[in-house]
Amino acid sequence: MATSIARTCRYVSRHRSCIVPSLCLTLRSTFHCSSTANSGLLFSLNKRGVLKDSFPEDAAQDHLPRLLQSGAQTVYCGFDPTADSLHVGNLLAIIGLLHFRSAGHHVLAVLGGATAQIGDPSGKTNEREPLSADAAEANTRRIRESIHTIFSNHELHFHDGSRKLGTVTVLNNLSWYKDWAVVGFLSEAGRHFRMGTMLSRHSVQSRLKSDVGMSLTEFTYQVFQAYDFHHLNQIYGCKIQLGGTDQLGNLMSGHEFIRKVSGEEVYGLTIPLVTSSVGDKLGKTAGNAVWLNRDKTSPFELYQFFLRQPDASVEEYLKLFTFLPLSEVERLMQQQREDPGKRLAHKRLAAEVTKLVHGKEGLESAKRGDKPEECAEQYSHT
């Protein structure tokens, strides 16, 4: 009897491999201020620091600005539900989607109910703990609610109505993997991937050189993310994928797979990884996560997290995590320089982020100083 891929990959045994290292190509876009791009969305997001790299390399200079100006496009970003809440490290990806939606483009937030059971090795020094199907499903429900809340808060509190918003759709990639058989998937999708290219990815190379090595399960992750992009391209006409800078290899795999299978031209854009003041990635793996669900990190704690950011980070975070015009950011920073003790920039940063994640009620709760248990009780009543 054919076994579903999601179930099979959880039990694939781990093997270390000895291979000859290959070169990993890293592409970088300068987002030139051409007449086409200067007034466009990409240039604006790059100026804010929200966008970092593009694939193909010259995409942001010519092809993508023309595509985005030709009409509403569909953009997607994936979130694996490896915990029951997203964290601040994921928030910038959501904000990237919100910028595209505000510009009239349609966005897809894809929850990895299937891929969370496989585990993305990008940026990881060890393999993730296995995640059961039941746990992935429960986490997916919680994260879906959180994403809907953030998009609703943005529409209610931050959209000025000057332009019609694009649509937002939240999907679970388990819906297109659950009926696949392993043999059928490998026969259809696997033949389009080349081992040399897959082995050259930085996420693979770094793990193969480590003592822990890499399991076959993790190695196949890039195949699944590439197929996700292909599926969304075929069903939703999606041509743009957003991901963290550590996802560039997976974005490249998706681009190459789609070109081979359908000949469609698609693009990848990366956003910077949010790091702590000492340079550590803000994520649950690092053990320093600030969660987006209020029962894990209260609005008060989220507010305080941004209020306590170092002075050197506040301008960058205002550009990244808020929708304030850059002229307003500059005005705030000038006021802060004139009277640092008032911490006006820090307070505005903390207020804007808290209102986006938890709404006006959450911001009021944060300013009152409600403790986590009080917030949880209020949330359960609402």
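These legends describe close-up views of a predicted model.

**View 1. A cis peptide bond joins Phe-55 to Pro-56.**
Omega of this bond is near 0°. Pro-56 sits in a loop. Strand S1 (53-55) lies on one side of that loop, and helix H3 (63-69) lies on the other.

**View 2. Arg-343 has a positive phi.**
The value is near 50°, and the residue is not a glycine. Arg-343 belongs to the loop that links helix H15 (326-338) with helix H16 (344-368). Is Arg-343 buried, partly exposed or exposed? Its relative accessibility is 28%, so Arg-343 counts as partly exposed.

**View 3. Cys-77 and Cys-238 are both buried.**
Cys-77 has a relative accessible area of 3%. For Cys-238 the value is 0%. Buried means under 20%, so Cys-77 qualifies, and so does Cys-238. A disulfide is a covalent bond between the sulfur atoms of two cysteines. How many disulfides does a search of the whole structure find? The search finds 0.

**View 4. One cavity turns up in the whole structure.**
The search counted cavities of 30 Å³ or more and found 1. Rolling a probe the size of a water molecule over the atoms shows where empty space is left. The volume of the largest cavity is about 40 Å³.

Which residues line the largest cavity? They are Asp-120, Pro-121, Ser-122, Ser-203, Val-204, Met-214, Glu-218, Phe-219, Gln-222 and Asn-250. The lining is made up of 4 nonpolar, 4 polar and 2 charged residues.

Note on methods. Residues numbered from 1 in each chain as written. Predicted model: local features only at pLDDT ≥ 70, side-chain atom pairs only at ≥ 80, totals over all residues. Heavy atoms only, no water. Helix = DSSP H or I, 4+ residues; strand = E, 2+ residues; numbered from the N terminus. Buried < 20%, exposed > 50% of the residue type's maximum accessible area, 1.4 Å probe, protein only. Disulfide = S-S within 2.5 Å. 1 Å grid on protein atoms, 1.4 Å probe; cavity = no way out; pocket = protein on both sides within 12 Å on 5 of 7 lines; lining within 4 Å. Points joined across faces, edges and corners; volume = space filled by probe spheres on them. Nonpolar A, V, L, I, M, F, W, Y, C, P; charged D, E, K, R; others polar.
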